[in-house]
Amino acid sequence: MLNRRHIRVKIMQTIYAMHQNGSDDITKEEKFLYYSIENSQDLYLTMLSALIEIKKKEEEFLEKSSQKHLATKEDKNPNQKFVSNALLTFLCEHNGLSMALENRKINNWTLNDDYILLMLNQIKQSALYENYMQTKTTSFEADKQFIVDLFSEIIVTNEKLYDYLEDHKLTWVDDIPMVNTAIVKQLKAIKADNPNSFSVPKIFKDTEDREFVSLLFRKTILNETELAKEFENKTPNWDAERIAEVDMIILKMAICELLKFPSIPSKVTINEYVEIAKEYSTPKSSIFINGILDNLVKEFESNQRLKKIGRGLM
């Protein structure tokens, strides 16, 4: 589920936290790094389970309404289109998703159902919901598009939900966009006649990605002094004190990749860290980092220190 850029961000944040806390316990910090990464799957499951719980809450509401002492005709014969939505039913009945929710003990909405009720109310007041419920004909594709739109336009944008996620686990803050994008992509790919068109993604694409976490983290931490020397005389217009802490870490990680990860192309490394700088550092950081790394690559190539092999990995 995690791509290489998100892994790099997690490592950068862990190194930054180590610097801020004055920690030198690599084993302890590496465990927290993996904990932070694994929590991204819990966020994924939490967001998906919100759809399931919203369906359940509406079913409960319709049942209670039908049993009221003064139940109206509409209460007794409600429009069942939302609770019968084919994609919601698919998710509720998917064994792999049910097992993952149970194994990871995802019960956020059982303990905090007020957020589910809040989102359900917002959904039922939306034009999206009204238009969907008034359409008499339906299909799996129409049901799917409705849930994709509902998730993207109502659930993802709910500020109270965002505040809850941020308060529940601080490590989720940077994972939210990545997880929501992954969920939307998966929902769009689900096929009515193919249960295998959906599966809970693994945290790491393969063992190489998992190993990449530890290798990049440890090689950067254990060689920080040497890595810093590679660029300390390459910044004539920047005193060391003026270089943002995040920029220093980004440069060290990038140089570590350039010199110690032969299977990753130089262009990939530069592009990845420039993009990370754009999102996590100062407005001018990406230009600064791009210039330093570009010059270092030329120097490493002329000194034959840059040895790249294979097709490379993102």
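What follows is a chat about a few of those labels.

Modeller: Keep in mind that this is a predicted model.

Colleague: Fine. Why is Asn-158 called buried?

Modeller: Its relative accessible area is 6%, and buried means under 20%, so Asn-158 counts as buried. You'll find Asn-158 in the loop between helix H9 (140-155) and helix H10 (159-168).

Colleague: What makes the pairing of Asn-158 with Gln-122 a polar contact?

Modeller: The two side chains come to 2.7 Å, and the cut-off is a pair of N or O atoms within 3.5 Å. Leaving out residues up to four places away in sequence, Asn-158 also touches Leu-118 and Met-119.

Colleague: And what makes the largest nonpolar core a core?

Modeller: The term covers buried residues of the nonpolar kinds joined through side-chain atoms within 4.5 Å. Here that set has 97 residues, and Met-47, Leu-51 and Ile-155 are among those with the most contacts inside it. Helix H2 (residues 26-66) gives the most, 14 residues. Ile-155 touches Met-47, Leu-51 and Ile-54, among others, again not counting residues up to four places away in sequence.

Colleague: How do you know which residues line the second largest pocket?

Modeller: A lining residue has an atom within 4 Å of a pocket point. That gives 12 residues, with Phe-61, Leu-62, Glu-74, Pro-78 and Asn-79 nearest the centre. H2 supplies the most, four residues. The pocket's volume is about 260 Å³.

Colleague: What classes make up that lining?

Modeller: Five nonpolar, three polar and four charged residues.

Methods:
Residues are numbered from 1 along each chain as its sequence is written. This is a predicted model: local features need pLDDT of at least 70, side-chain atom pairs count only at pLDDT 80 or more; totals for chains, interfaces and linings use all residues. Side-chain values use heavy atoms; hydrogens and water are left out. Buried means under 20% relative accessible area, exposed over 50%, partly exposed in between (1.4 Å probe, protein chains only). Helices (H or I, at least four residues) and strands (E, at least two) are DSSP runs, numbered from the N terminus. Contact means heavy atoms within 4.5 Å. A polar contact is a pair of N or O atoms within 3.5 Å; within protein, one must be able to donate a hydrogen and the other to accept it, and residues adjacent in sequence count only if both atoms are side-chain atoms. On a 1 Å grid over the protein atoms alone, a cavity is a set of points where a 1.4 Å probe fits but cannot get out, and a pocket is an open set with protein on both sides within 12 Å along at least five of seven lines; lining residues have an atom within 4 Å of a point. Grid points are joined across faces, edges and corners, and a volume is the space filled by probe spheres set on the points. Ala, Val, Leu, Ile, Met, Phe, Trp, Tyr, Cys and Pro count as nonpolar, Asp, Glu, Lys and Arg as charged, and the others, Gly among them, as polar.
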